Amino acid sequence: MEQWLQWARGPAFKFAFLLMVLGLLRQIILAVIGIAQAWNRAGDKTIPKKVVFQTTLQWLFPLKKLNNNRPAYSAMSVIFHIGLIFTPVLLLPHIELWKRGLGIAWPSLPHALADVFTLVTVAAALGLIIGRLGNKESRRISRVQDIALPPLMALPFITGYLAMHPVLNPIGYNVVMFIHVMSANAIFALIPFSKLGHIILLPTTQLVSELGWHFPAASGVDVSRTLKKENVPI
Amino acid sequence: MRLRLVKGILWFFAGLAAVVTVFRFFKGLGAVTALTDTTPWGLWIGFDVLGGVALAAGGFVIAATVYIFHMEKYHAIVRPAVLTAFLGYAAVVGGLMFDIGIPWNIWRPMFFWQHHSALFEVAWCVMLYFTVLQLEFAPVVLERMKHPLLQTIYKIVKFSTLPLVILGIILSTLHQSSLGTLFLIMPYRVHPLWYSPILPILFYISAIGLGLSMVITESMVSTWLYKKHLEKDLLNGLGKTAAWVLGLYAFLKLGDLAVNNKLHYLFDGSWESNLFIFELLISAILPTIMFASPKIRQSTGGLATAAGLAVFGFVLNRIDVSGLSTIQATGSLYFPSWAEFAISIGIVSAAALAFFFFVENFFVYEEPCGEKAEKYDVPVADPVTGVRLSWSPLANARLYSLIFIVAVAFGFAMLPDYAVKGATPEKTPVNKARRVDGLQAKTENAALYSYAVFNPERGNNPENGEKIEMLLIDGDRKNKFVLFNHEGHQAKNGGKESCGICHHMNKPLDKASSCDECHRDMFVATDTFDHEFHRDKLKASGGCVKCHKDPAQSKNRLTTTPCKDCHKKMRAPNSFVKIAEKDQTGIAPGYMTAMHKLCVECHKQKQTEKPELAPHLARCGACHQGFEESMLTSLEPYPQEESGAL
């Protein structure tokens, strides 16, 4: 198991992490080029900057969304995001790894608070899955990744908690660490290739949904010609 | 689909090469290659440089055919042949940048002329011919440009086609043969089967044969990829010429062996002889026979096989001359690291991608080639953005960039740690300093004592000096040593009480522990702290919390109980070696660093304190005396004391 853990922390981690960094870079470049192309083709070249900015902010801090038709689900999602971002970044053992690898460090969460964050995040992930599968409409529109990702995201949290609390751990430190590292690797590698990509594409998402529907200049004529309804009043 | 698959594979190799490139240039040759001082020319020279130059020979051969011999029917393949040559030379120049240890010094041969150097000719030929190739190919790009200035340049370049072609032929001839000349200066390194006074001629003729084969290969590949009509008539003619050239090459090669009485090497059964026979068969003899038969020349498979064999055979020939044939002389086995293969294949991939780019966007063939895109795909939702748009002209860029970054990440994960962090010295365990009989002498005028190992055969002549017990410090036992007058230093520094000045740390239950007890490696820092030992010892009295007092803190050296809290007498007071509190983590620097730091720093201090007594005390020669290996053969060290330490 020791060697497997070494492998997960070494080559597998390097692969997954670099793939994430480069993959996100690639997505953002492609998104910008795609937007530029859409804009060049568009007949109506106005960009509603204010609307884009406001909706982006609304999604970044979704306080307003809490008041929609499924407030509990939305709240859970917000909590899930907070736990997801802050726990791993501010966890002391992770900061030690940054310090050792790249020589950079920042303040950490207290031990007990990190435990609370972890458990809350796991609970929120559980809530999200129940909320998605328990509701007929949302079950119907769910893709595979919508259902599979929350449990995968919760896995490093569960195994991380077990690794920090050996008394509760039924399967041995190395095994639990292996699952911890490998599930995190899987998440890193999936980020640029799944809906997790929104961590970098968020600023462009609203822009795409605005500009993507600006039709090319002559598209009206094309449509009427295709439908054989030229010169017919709409 | 075919084209996308091939391009996808090429992009993958380009990605692998890209990541190796980063570490090659930031961490050096040693970090990514298997090259050594005995084998400094490896795969990059053999394959990329020598092979690349030879593969590019098609350019000048076809240009000469059309513009000098006026065989106009070959006009259709001038542009692809020149493009292949141009990209081949670009790959050579790129490969050289990887291989040259200090690539930013590449401009030097332009200004510092070494008329006697074979490499001087090579360097100038590469530079000039690469420039000529750029000018020869420039019209293809310029003719599509509308800017009036570019149009003027286009007309000038087009007008000077013939002089450029002539210049290209001259420079090619010089360059192809000068690469052979390069190996004339190493008759004792290259195996007799490959070494020959006519190497330059052999290189030149084989380059022509290879150039023809390469043009055939390249025509067939682009025909297959772009589903074009195959110019079989042209290839037939090229094959016929290739048969003559390759036949001449084989004849010259065997004739040369016969004239120089080297034929017996051919069948002496060594692996070199087998390699030579294999190489000659696939590079020259088989292709000659195949190209000579009109029936085989007519069949696509036959042409492809013959040309492929020749291309493979001559690349092997260049690798043999520059590398494999030198193994018996150097006795050093070199096998390229995967990173070297990655660079070699990556450069070729990048050149091939550039070839496709020019073929698809310019009039290299009669018209720009390209795959017709499927216009009416069913829209699929993008997994990341969820957008259902498949019109994107970025579809190819999406695919290739994906393959590229996967390759980069994969390559990064595969690179060993030392490639990423830079090469570190090999582990060299330190051996104990030995007590030996030494001679100490001081002449009237000399400021310093001179030392030597006592040699009983030469006798203890009083003029030679005084026989005293000394410490022979040669940590790696590599016949380089320092003789150290331990008793003398002790007496000068204040007798038995002064040990702590140098012996700054005592191991538990020990006094004045020897240097090598903690500084255990010649060059690499080592850890003096044994975690397992402490864990087992302290299990009974409380375990981990004995040292890791605060479980909320991460477990590292800085947050743990310092050694001195338990081992009170570990550090000697008033030592010359002063270590800051935060650095007292139990990591001992390498032996050499530790010795140099201690001795040189102290000598420097003494030198400034009493400049009249010891003006050269801090110089290398004060300690490093008498590098005479014979001294060590007559050496009989005293019995060594066992250390009392744990």
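Me: What does buried area stand for here, and how much of it lies between chain A and chain B?
Reply: Buried area is the accessible area, taken with a 1.4 Å probe, that two parts lose on being put together, summed over both. In this predicted model, chain A and chain B bury about 2200 Å² between them, and carbon and sulfur atoms give 70% of that. On chain A's side, A:K14, A:R26 and A:L30 supply 26% of the area buried against chain B, more than any other three residues.

Me: What makes a residue part of the contact, and how many come from each chain?
Reply: The test is heavy atoms within 4.5 Å. Chain A puts in 26 residues and chain B 24 residues.

Me: Which helices of chain A supply at least two residues each to the side that touches chain B?
Reply: Helix 1 (2-41), helix 4 (92-102) and helix 9 (198-211) of chain A. Helix 1 of chain A has the largest share, 14 residues. Sorted by class, that side of chain A has 12 nonpolar, 8 polar and 6 charged residues.

Me: How many salt bridges and polar contacts join chain A to chain B?
Reply: There are 0 salt bridges between chain A and chain B. For polar contacts, the count is 2 residue pairs, both at pLDDT 80 or more.

Me: Why is the pair A:D146 and A:K195 called a salt bridge?
Reply: The rule wants a Lys or Arg side-chain nitrogen within 4 Å of an Asp or Glu carboxyl oxygen. For A:D146 and A:K195 the closest N and O atoms are 2.8 Å apart, so the pair qualifies. It links distant parts of the chain, 49 residues apart: A:D146 sits in helix 7 (residues 144-164) of chain A, and A:K195 in the loop between helix 8 (173-190) and helix 9 of chain A. Over all chains, the rule gives 16 salt bridges.

Me: How do you know where confidence is lowest and highest in chain A?
Reply: By mean pLDDT: helix 10 (residues 219-226) of chain A is lowest at 76, and helix 8 of chain A is highest at 93. Chain A as a whole has a mean of 86, with 97% of its residues at 70 or more.

Me: And what about chain B, in confidence and in domains?
Reply: Its mean pLDDT is 84, and 90% of its residues reach 70 or more. Helix 26 (residues 629-633) of chain B is lowest, at a mean of 50, while helix 17 (residues 338-361) of chain B is highest, at 92. Chain B splits into domain 1 (2-374 + 416-421) and domain 2 (434-528 + 567-633), with 58 Å between their C-alpha centres.

Technical notes
Residues numbered from 1 in each chain as written. Chains lettered and ligands numbered in written order. Heavy atoms only, no water. Polar contact = N/O pair within 3.5 Å; in protein donor to acceptor, adjacent residues only side chain to side chain. Helix = DSSP H or I, 4+ residues; strand = E, 2+ residues; numbered from the N terminus. Nonpolar A, V, L, I, M, F, W, Y, C, P; charged D, E, K, R; others polar. Domains from an automatic or database assignment. pLDDT = per-residue confidence, 0-100.
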